[in-house]
Amino acid sequence: MNKSVILLILLAAVILTAGCINNSKANVTSPQEAQENSTNSQENSTVLEITQLDQINTSLEKGPVLLKLGAEWCEECQELNPVLAQVATDYAGRATVVTVDIDKSPTLADYFGIYVIPDSSVIVGIENGTYVYMQQDGNVTTERSTARILKIEGKEVYENVLDLALQNEKS
């Protein structure tokens with residue numbers, strides 16, 4: 001019986017890790033590179049990997065922030081990287097695309113209440129110390145649960161929410 005339990009655990013570990021890590025990061029930069037790139041962010045078309053809320057707050061000064069929370073071992077998260085890299089290029093100078101690895105930044109994972117990944121949202125501001133999010137219907141809210149974009153979505157979903165955030169910013 002003990003051998004079968006051990007075999008099942010080993011089998012589960014192999015299944016859970018096999019093919020889940022994609023070493024290509026599709027224009028994702030490290031926190032150190034993100035800090036260095038912040039001086040020329042108007043021309044920056046990369047997805048910034050962040051580890052602190054202050055990095056989001058700094059980016060918000062320049063416009064809306066598309067935030068993706070995921071992990072390196074998450075295959076869907078890795079599949080989303082090229083989409084986000086294209087969005088970052090298309091919205092360079094108008095919005096910032098950032099990603100958080102929940103394993104490297106568990107405090108941020110807790111702060112944003114992550115229960116499934118990938119989990120994305122567009123932050124448009126801060127109100128009374130709380131982030132304000134753009135919902136897919138164009139309304140703003142401080143309730144991130146109603147503004148989440150869960151799982152993989154097409155580029156147009158992220159573009160639509162960013163466009164709504166940019167329109168909201170002008171008014």
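Me: Before the element order, what counts as a helix or a strand here?
Reply: Helices (H or I, at least four residues) and strands (E, at least two) are DSSP runs, numbered from the N terminus. The model is predicted.

Me: Then in what order do the elements of the protein chain run?
Reply: From the N terminus on, the order is α-β-α-β-α-β-α-β-α-β-β-β-β-α. In total, the protein chain has six helices and eight strands.

Me: How much of the chain is buried?
Reply: Of its 171 residues, 42% count as buried. The protein chain exposes about 9,300 Å², and carbon and sulfur atoms supply 52% of that area.

Me: And what share of the contacts join residues at least 24 apart?
Reply: The share is 70%, taken among contacts in the protein chain between residues at least 6 apart in sequence.

Me: On to the strands. What does strand 5 pair with?
Reply: Strand 5, residues 119–127, is joined to strand 3, residues 65–70, by five bridges. Five bridges also join strand 5 to strand 6, residues 130–134. Strand 8, residues 149–150, pairs with strand 5 over two bridges.

Me: Parallel or antiparallel?
Reply: Strand 5 runs antiparallel to strand 3 and to strand 6, and its pairing with strand 8 is likewise in the antiparallel sense.

Me: Which residues are bridge partners?
Reply: Val65 has Ile123 in strand 5 as its bridge partner. For Ser120 the partner is Ile149 in strand 8, and for Glu127 the partner is Thr130 in strand 6.

Me: How many residues lie between strand 5 and strand 6?
Reply: Two residues lie between them, and the two strands form a hairpin. Asn128, in the turn, has a positive phi of about 55°.

Me: Change of topic: where is Phe112 found?
Reply: Phe112 is in the loop between helix 5 (106–111) and strand 5.

Me: Is that side chain buried or exposed?
Reply: Phe112 has a relative accessible area of 4%. Buried means under 20%, so Phe112 counts as buried.

Me: What does Phe112 touch?
Reply: Leaving aside residues up to four places away in sequence, Phe112 touches Leu53, Ile56, Leu67, Leu69, Ile123, Tyr131, Tyr133, Arg144 and Arg148. Arg144 is 32 residues from Phe112 along the chain, and their C-alpha atoms are separated by 7.8 Å.

Me: Ile56 belongs to helix 3, residues 53–60; which residues of that helix are buried?
Reply: Gln55, Ile56, Ser59 and Leu60 are buried in helix 3. Seen down the helix axis, these buried residues fall within an arc of 140°, so they line one face of the helix.

Me: Now the rings. How many aromatic pairs does a search of the whole structure find?
Reply: The search finds four aromatic pairs. One of them joins Tyr111 and Phe112 edge-to-face, at 5.0 Å centre to centre with 85° between the planes.

Me: Is Tyr111 buried or partly exposed?
Reply: Tyr111 is partly exposed, with a relative accessible area of 41%.

Me: Why is the pair of Tyr131 and Tyr133 called edge-to-face?
Reply: The ring planes of Tyr131 and Tyr133 are at 65°, so the pair is edge-to-face, with centres 6.5 Å apart. The cut-off for that label is over 60 degrees. Both Tyr131 and Tyr133 are buried.

Me: Which residues do the ring pairs link into a cluster?
Reply: Ring pairs link Tyr111, Phe112, Tyr131 and Tyr133 into a cluster.

Definitions and conventions. Residues are numbered from 1 along each chain as its sequence is written. This is a predicted model: local features need pLDDT of at least 70, side-chain atom pairs count only at pLDDT 80 or more; totals for chains, interfaces and linings use all residues. Side-chain values use heavy atoms; hydrogens and water are left out. Buried means under 20% relative accessible area, exposed over 50%, partly exposed in between (1.4 Å probe, protein chains only). The arc is that of the directions from the helix axis to the C-beta atoms. Two strands pair if DSSP finds at least two bridges between them. Contact means heavy atoms within 4.5 Å. Accessible areas come from the Shrake-Rupley method with a 1.4 Å probe; for residues, only the protein chains shown count as cover. Rings of Phe, Tyr and Trp (its six-membered ring) pair if their centres lie within 6.5 Å; planes under 30 degrees apart count as stacked, over 60 as edge-to-face and the rest as tilted.
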